[in-house]
Amino acid sequence: MVQNDRFKQAEKAIILGVIGNIILAAIKWIIGVQSNSRALIADAVHSASDVAGSVAVFVGIRAAKRPPDEDHPYGHGKAESIAAIIVAVLLALVGFEIGRASFDAFFKPIYVPKAMAIYAVLFSIIVKEVMFRYKYKLGKKINSDALIINAYDDRSDVFSSIATLIGIVGAILGGYLGLDWLVYADPVAGLFVAILILKMAWDFGTEAIHSTLDHVLHEEETADLRELVLSVPEVMKLTELHAREHGHYVIVDLKISVDPYMTVEEGHKVGKKVKAMLMENDRVQNVLIHINPYSEDD
């Protein structure tokens, strides 16, 4: 895929997500206040945090598309992973805040939520699931960690909205049936949402950090690259191949062995041939080759 098209699609998805989250957060907050639903207000805060997360991802994607320069000869691809870490941190902060507010609700007068809260939650579930599927599919297509984690941020909203729905319905039933203890289902749902958000923040945060720390692809993930290298007749042995992840692309480091009686120029031509073949892979941004003389002792 052409890199400019990749970034345009990613930026379009993020902008649509920002607009959608702003609308959802406003709707859920207003109806949450009017309907006296702690769980819906917590869900609104979650949607509002998605806006900040989407902005962080947008900035990361814009930075990642910058070409290599003197200070960053390997490009700026890791900006996407850094953006993913920022989203994870924002999720954790929101999770703590929602948990604190929901816990405090147990020590304050509890009011039965109004039925209008149910419609707001159902609308949120539908919109967020559509957003998740769109971003996730696109993120996989263009190999964007930041867009994928942003998609799962939307999926966390779906799960939290389902928990919110259960809490609101339980609280309304409690008020209707005169079961005072069931009214607390609303703040309980808020606590469940907080735990869910914290777990998701941990999972995606650790994955993003892992990708940032010069993670290399596993051997089975580079099998196609190895086959390409060994398909060059002059390559007598592939000693080492590492594909380092830099966001949406990889930098390949490899060592090959060639005929020890080749001239330097001939060995250089073999290296150029190997590099050209690897660079045909859309995900490979650059190739660094070390050429050794082949020996039976290798």
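## Exercises on a predicted model

**Exercise 1.** Find the residues that Ile-98 is in contact with, leaving aside its neighbours within four places in sequence.

*Solution.* Begin with the term itself: contact means heavy atoms within 4.5 Å. With neighbours within four places in sequence set aside, Ile-98 is in contact with Ala-42, His-46, Gly-190, Val-193, Ala-194 and Ile-197.

A word on the source: this is a predicted model, in which local features need pLDDT of at least 70, side-chain atom pairs count only at pLDDT 80 or more, and totals for chains, interfaces and linings use all residues. Residues are numbered from 1 along each chain as its sequence is written, and side-chain values use heavy atoms, with hydrogens and water left out.

**Exercise 2.** Determine which members of the largest nonpolar core touch the most other members.

*Solution.* A nonpolar core is a set of buried (under 20% relative accessible area, 1.4 Å probe, protein chains only) Ala, Val, Leu, Ile, Met, Phe, Trp, Tyr and Cys residues joined through side-chain atoms within 4.5 Å. Of its 19 residues, Ile-98, Leu-147 and Ile-197 touch the most other members. Next, a second, separate core of 18 residues includes Val-235, Leu-238, Leu-254 and Ile-256.

**Exercise 3.** State how many helices and strands the protein chain has, and in what pattern they follow.

*Solution.* Helices (H or I, at least four residues) and strands (E, at least two) are DSSP runs, numbered from the N terminus. By this rule the protein chain has 8 helices and 3 strands, and along the sequence the pattern reads α-α-α-α-α-α-α-β-β-α-β. Finally, buried residues make up 46% of the 298 residues in the chain.

Methods:
Buried < 20%, exposed > 50% of the residue type's maximum accessible area, 1.4 Å probe, protein only.
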